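Please find below my notes on the model you sent. They go from the overall fold to single residues.

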Amino acid sequence: GGGKAPISLDEIRWRFLDAMAAPSPSASREGAAHLLRAGRAHLSQLISATAKQKPPPRPLPPGWVEGVDSTSGVPYYYNQKSRETTWVRPSPLSGADRRPER
């Protein structure tokens, strides 16, 4: 740790290739081990950052709009055509919005 920025994956790859070309097997092993640790730290940071990101919400079906309840701050969904209201985000092909299969 220590607040150092992780090195890029390209840099790890080039350093690994340099380490493998080291004049002695022990230097090669030590360099490769160091790079393996750096690569694992980089991968761990990427996984952690990705886990914190939420995927974008699915698009609402035609006719549905999203609102926010003024009391709770919780989103709700309203179908302008059927006047249906729900707390559950409707899927793109829910209920009457589905097209018949041919």
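**Notes on the predicted model**

1. The chain has two helices and three strands, where helices (H or I, at least four residues) and strands (E, at least two) are DSSP runs numbered from the N terminus. Along the sequence the elements follow the pattern α-α-β-β-β. This is a predicted model, in which local features need pLDDT of at least 70 and side-chain atom pairs count only at pLDDT 80 or more, while totals for chains, interfaces and linings use all residues. Residues are numbered from 1 along each chain as its sequence is written, and side-chain values use heavy atoms, with hydrogens and water left out.

2. Of the 102 residues in the chain, 14% are buried. Buried here means under 20% relative accessible area, exposed means over 50%, and partly exposed lies in between (1.4 Å probe, protein chains only).

3. A contact means heavy atoms within 4.5 Å. Among contacts between residues at least 6 apart in sequence, 33% join residues at least 24 apart.

4. Rings of Phe, Tyr and Trp (its six-membered ring) pair if their centres lie within 6.5 Å; planes under 30 degrees apart count as stacked, over 60 as edge-to-face and the rest as tilted. The count by this rule is one aromatic pair. The ring centres of Y76 and W87 are 6.4 Å apart and the planes stand at 80°, so the pair is edge-to-face. Because Y76 belongs to strand β2 (residues 75-79) and W87 to the segment after β3 (85-86), the pair ties together parts that are 11 residues apart in sequence. The C-alpha atoms of Y76 and W87 are separated by 4.5 Å.

5. How exposed are the two partners? Y76 is partly exposed at 29% relative accessibility, and W87 is exposed at 54%. Leaving aside residues up to four places away in sequence, Y76 touches V65, E66, G67, V68, D69, T85, T86 and W87.

6. N79 also deserves a look. This residue is in strand β2 and is buried, with a relative accessible area of 7%. The side chain of N79 reaches the backbone nitrogen of S82 at 2.9 Å.

7. How many salt bridges does a search of the whole structure find? There is one salt bridge, defined as a side-chain nitrogen of Lys or Arg within 4 Å of a carboxyl oxygen of Asp or Glu. The side chains of R89 and E66 form this salt bridge, at 3.2 Å from N to O. The pair links distant parts of the chain, with R89 in the segment after β3 and E66 in strand β1 (residues 64-68), 23 residues apart. E66 is partly exposed, at 44% relative accessible area. Side chains of opposite charge can pair when their charged atoms come close.

8. L9, L43, L46 and I47 form a nonpolar patch on the surface, with about 390 Å² of accessible area together. Such patches consist of residues with over 30% relative accessible area and no salt bridge; like charges are joined within 9 Å, and nonpolar side chains (Val, Leu, Ile, Met, Phe, Trp, Tyr) within 5 Å. Helix α2 (residues 25-52) gives the largest share of the nonpolar patch, three residues. I47 sits in helix α2 and is exposed, at 53% relative accessibility.

9. W64 is in strand β1. Is this residue buried or exposed? W64 is buried, with a relative accessible area of 9%. From W64 to P90 the C-alpha distance is 8.1 Å, although the two are 26 residues apart in sequence.

10. P57 lies in the loop between α2 and β1 and counts as exposed at 61% relative accessibility. P57 and R89 are 32 residues apart in sequence, with 9.2 Å between their C-alpha atoms.

11. Please check the backbone at R83. This residue is not a glycine, yet its phi is positive, at about 65°. R83 is in the loop between β2 and β3 and is exposed, with a relative accessible area of 67%.

Terms used: Polar contact = N/O pair within 3.5 Å; in protein donor to acceptor, adjacent residues only side chain to side chain. Areas by Shrake-Rupley, 256 points an atom, 1.4 Å probe, with all protein chains shown as cover.
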